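The points are grouped by topic and can be followed alongside the structure.

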Amino acid sequence: TPTLDATTVGNTVNYTGAGAQTLKVTAYHHMNLSGGAKTFGAITTIAGNLTLSGTATATTAAALAIGGSLDVGTGTVFATGATNTWTLGVGGTTAVTGTLTLANTGTKTFTGNVTINSGGIWDETGIAAINYAGSLQHDGTTFTANTGVHTFSGAGKTISGASAIAIPNLTISGTTTNNGTLTVSTALEGASTLTNGATGTLSFGGASITPTLDATTVGNTVNYTGAGAQTLKVTAYHHMNLSGGAKTFGAITT
């Protein structure tokens with residue numbers, strides 16, 4: 001009930017109720033959610049870390065900026081509100097072992113590395129721009145990407161993990177290496193370089209690949225799978241598989 005000032009650097013507020021709780025709408029530094037369902041309300045600023053544990057569930061009701069890390073623990077659900085354009089920004093790392101649901105059309109920005117751990121579910125129910133300034137590792141149960149443009153920026157970032165990743169629309173605006181199983185079904189755009197690493201498998205179903213493609217590393221595979229016409233990227237390859245429709249081979253020599 002009283003005014004709550006939770007902005008001092010380093011302080012933590014824990015919401016632990018096993019029953020339903022309505023979170024105080026104010027700015028926070030660190031916030032931990034455990035127990036039952038939380039009514040998040042129009043909280044806009046968590047300057048430090050947001051951590052969910054136990055069986056906590058919460059859905060945002062405003063644009064939310066998290067300055068530190070986001071940790072969606074086992075058995076928890078964190079979601080963005082579904083019927084709006086509210087944005088989500090995470091300044092630190094993101095770890096998902098529970099369920100992270102990204103709804104609505106607001107841009108979602110992950111500045112640090114994103115890790116989907118064993119059992120984790122990444123579910124994009126809204127069509128929105130998704131921006132990764134860090135690396136993406138998927139070892140989880142499900143990675144569901146919607147048709148919004150997914151952009152990787154920065155230098156030396158990786159896409160990896162034991163579980164396959166499918167992103168319909170991918171833009172490479174920073175040097176990125178694929179060390180996992182990556183499927184891009186519609187568009188692969190950007191002015192930077194995508195390297196298919198030794199353990200990388202890239203499957204592409206769109207018309208043509210725009211960014212520089214380094215596919216020379218021993219062991220890597222590029223699959224062109226489009227049912228319609230495809231223009232192959234003119235570069236050197238290690239393994240190449242062609243399926244689907246007609247391919248314009250071009251001046252590929254190696």
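Leaving aside neighbours within four places in sequence, Thr97 is in contact with Val72, Gly73, Thr74, Asn117, Ser118, Gly119 and Gly120. The model is a predicted one.

- Thr97 sits in the loop between β12 and β13.
- With a relative accessible area of 18%, Thr97 falls under the 20% cut-off and therefore counts as buried.
- One of the residues that Thr97 contacts is Asn117, and the two side chains make a polar contact at 3.1 Å.
- Val72, another contact of Thr97, stands opposite Val96 in β12.

- Within the order, β9 (residues 70–72) pairs with β12 (residues 94–96) in the parallel sense, over 3 bridges.
- In general, strands of a sheet pair through backbone hydrogen bonds, in either a parallel or an antiparallel arrangement.

- The partner strands β22 and β25 (residues 181–184) are joined by 2 bridges in the parallel sense.
- Ala166 stands opposite Thr183 in β25.

**Asn104**

- Asn104 is in the loop between β13 (99–102) and β14 (108–110).
- The phi angle of Asn104 is near 65 degrees, which is a positive value in a residue other than glycine.
- Is Asn104 buried or exposed? Its relative accessibility is 4%, so Asn104 counts as buried.

**Ile172**

- Ile172 belongs to strand β23 (residues 169–172).
- The relative accessibility of Ile172 is 0%, so this residue counts as buried.
- Not counting residues up to four places away in sequence, Ile172 touches Phe152, Leu188, Glu189, Gly190, Ala191, Ser192, Thr193, Leu194 and Pro211.
- Ile172 and Ala95 are 77 residues apart along the chain, and their C-alpha atoms are separated by 22 Å.

- In soluble globular proteins, nonpolar side chains tend to be buried together.
- Phe40 touches Leu23, Met31, Leu33, Ile46, Ala58, Thr59, Thr60, Leu64 and Phe78, not counting residues up to four places away in sequence.

**Aromatic pairs**

- A pair of aromatic rings is described by the distance of the centres and the angle of the planes.
- The structure holds 9 aromatic pairs.
- The ring centres of Phe110 and Trp122 are 5.2 Å apart and the planes are at 55 degrees, so this pair is tilted.
- Phe110 is in strand β14 and Trp122 in strand β16 (residues 121–124), so the pair ties together parts that are 12 residues apart in sequence.
- Phe110 has a relative accessibility of 0% and counts as buried; Trp122 is buried as well, with a relative accessible area of 0%.
- Phe110 also forms an aromatic pair with Tyr132, and this pair is stacked, at 6.1 Å centre to centre and 25 degrees between the planes.
- Tyr132 counts as buried, at 0% relative accessibility.
- Which residues do ring pairs link into a cluster? They are Phe110, Trp122, Tyr132, Phe143 and Phe152.
- Among these, Phe152 is also one of the residues that Ile172 touches.

Definitions and conventions:
Residues are numbered from 1 along each chain as its sequence is written. This is a predicted model: local features need pLDDT of at least 70, side-chain atom pairs count only at pLDDT 80 or more; totals for chains, interfaces and linings use all residues. Side-chain values use heavy atoms; hydrogens and water are left out. Helices (H or I, at least four residues) and strands (E, at least two) are DSSP runs, numbered from the N terminus. Buried means under 20% relative accessible area, exposed over 50%, partly exposed in between (1.4 Å probe, protein chains only). Two strands pair if DSSP finds at least two bridges between them. A polar contact is a pair of N or O atoms within 3.5 Å; within protein, one must be able to donate a hydrogen and the other to accept it, and residues adjacent in sequence count only if both atoms are side-chain atoms. Contact means heavy atoms within 4.5 Å. Rings of Phe, Tyr and Trp (its six-membered ring) pair if their centres lie within 6.5 Å; planes under 30 degrees apart count as stacked, over 60 as edge-to-face and the rest as tilted.
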